[in-house]
Amino acid sequence: MLCPDLIHILERATQYCAHDIHLRYAPGYDRFQVIYRNERKYVFEETLPGHQWVSVIESLKFYARYRSECRDEFQDVDIQLDRYALRIAFTPYPTHYLTIRLHHKNTTIHYAWSPSDLVFFKQWQDSQKILLIAGPMHSGKTTLYYHLLSQEHLHNHSVMSLEDPIEKSNQNFFQMAYKPQYFDRIASALVRFDLDLLGFGEIRREQDWRQLAFAAWSSIRVLTTCHATSSEILKTKIQTSLRQDYKLIDELLFGVAFCTKPGDLPTLIYYENFLR
């Protein structure tokens, strides 16, 4: 059973549509601070009795399997609690500060695709290329990502999702938490898995683009997400990430699904049109 003090904080976050929660405590004080934020913007804050700090922190450490022997290091953990999926970041001891990224496990969206949208996805399925899901924070990228992976599973396709870290557990396909710097160690093995679709949680670095290219060149379709507040910023990210070699993506990127708000249909753009 969840700690009542932790339930209070999670319910408050839900009430104010706050996806990020910051908890700060100064030893010796009889209160601690809880700040609720959404898309890096302040939403609300409250102070709670100091004795609740212990119950909340110990509860989170228990469910997150916090490693006390590594308390001098940052620890980043994903856990599933009740109807929530939480990503918790603990600061090194003796700093009393942590953050919680909150997702609702029961979030489902039924996309009302138009006939032209369905043609877009069918052409992508036949292309063995990369489909990029882009948009700002909390725009619905991850929801669409999991939705498309689940749809592939329903068609009896072999699907694997590499995530750093895993946002939400999904029983429809295989998920593996991994670190991008170790991709070279598993790249050749991925080819032997005879995958129909490889999901790549989020691209952030130049080497991520090259990893996607490796999979696409190996005739594996790729689905991935990228943070971008506009199409122009996304174009710049693609070009600057690959520097002089960005043209290789011209050959491998099928198109972009640009999300703006959860629940809204994304804008689907063929890559050749996206460049214009």
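Of the 276 residues of the chain, 47% count as buried, where buried means under 20% relative accessible area, exposed over 50% and partly exposed in between, with a 1.4 Å probe and protein chains only. The model is a predicted one, in which local features need pLDDT of at least 70 and side-chain atom pairs count only at pLDDT 80 or more, while totals for chains, interfaces and linings use all residues. Residues are numbered from 1 along each chain as its sequence is written, and side-chain values use heavy atoms, with hydrogens and water left out.

**The whole chain**

Please begin with the complete chain in a cartoon view. Nine helices and 13 strands are present; helices (H or I, at least four residues) and strands (E, at least two) are DSSP runs, numbered from the N terminus. The C-alpha trace spans about 60 × 40 × 40 Å along its principal axes. The radius of gyration is 20 Å, which agrees with the value near 19 Å that a compact globule of 276 residues would have. That radius is taken over C-alpha atoms, and the globule rule is 2.2 Å times the number of residues to the power 0.38.

Next, display the surface. The accessible surface comes to about 14,700 Å², and 50% of it belongs to carbon and sulfur atoms; such areas come from the Shrake-Rupley method with a 1.4 Å probe, and for residues only the protein chains shown count as cover. Among contacts with a separation of 6 or more, 57% are between residues 24 or more positions apart, a contact being heavy atoms within 4.5 Å.

Select residues 75–81, which form strand β4, and residues 84–90, which form strand β5. The two strands pair in the antiparallel sense over seven bridges; two strands are said to pair if DSSP finds at least two bridges between them. Ile 79 has Leu 86 in β5 as its bridge partner. The hairpin has two residues between its strands, and Asp 82 there takes a positive phi near 50°. Strand β5 is mostly covered, with six of its seven residues buried.

**Second stop: Arg 87 and Thr 99**

Within β5, select Arg 87. At 16% relative accessibility, this residue counts as buried. Leaving aside residues up to four places away in sequence, Arg 87 touches Asp 76, Val 77, Asp 78, Thr 99, Ile 100, Arg 101, Pro 165 and Glu 167.

Now move to Thr 99, which lies in strand β6 (residues 97–104). Thr 99 counts as partly exposed, at 22% relative accessibility. With residues up to four places away in sequence again left out, the residues that Thr 99 touches are Ile 21, His 22, Arg 87, Ile 88 and Ala 89. Select His 110 as well: His 110 and Thr 99 are eleven residues apart along the chain, and their C-alpha atoms are separated by 31 Å.

**Third stop: backbone exceptions**

Most residues other than glycine have a negative phi, and most peptide bonds are trans.

- Pro 94 lies in the loop between β5 and β6. A cis peptide bond joins Tyr 93 to Pro 94, with omega about 10°.
- Arg 65 is placed in the loop between α2 (50–64) and β4. Although not a glycine, Arg 65 has a positive phi of about 55°. Arg 65 is exposed, with a relative accessible area of 72%.
- Gln 128 lies in the loop between α3 (115–127) and β7 (130–135). Its phi is near 55°, a positive value in a residue other than glycine. At 40% relative accessibility, Gln 128 counts as partly exposed.

Continue to β7, residues 130–135, and show the side chains. Six of its six residues are buried. Ile 130, Leu 132 and Ala 134 point one way from the strand, whereas Leu 131, Ile 133 and Gly 135 point the other way.

Strand β11 (residues 221–227) runs parallel to β7 and is joined to it by six bridges; here Gly 135 has His 227 as its bridge partner. Strand β12 (residues 253–258) also runs parallel to β7, with five bridges joining the two. In that pairing, Ala 134 stands opposite Phe 258.
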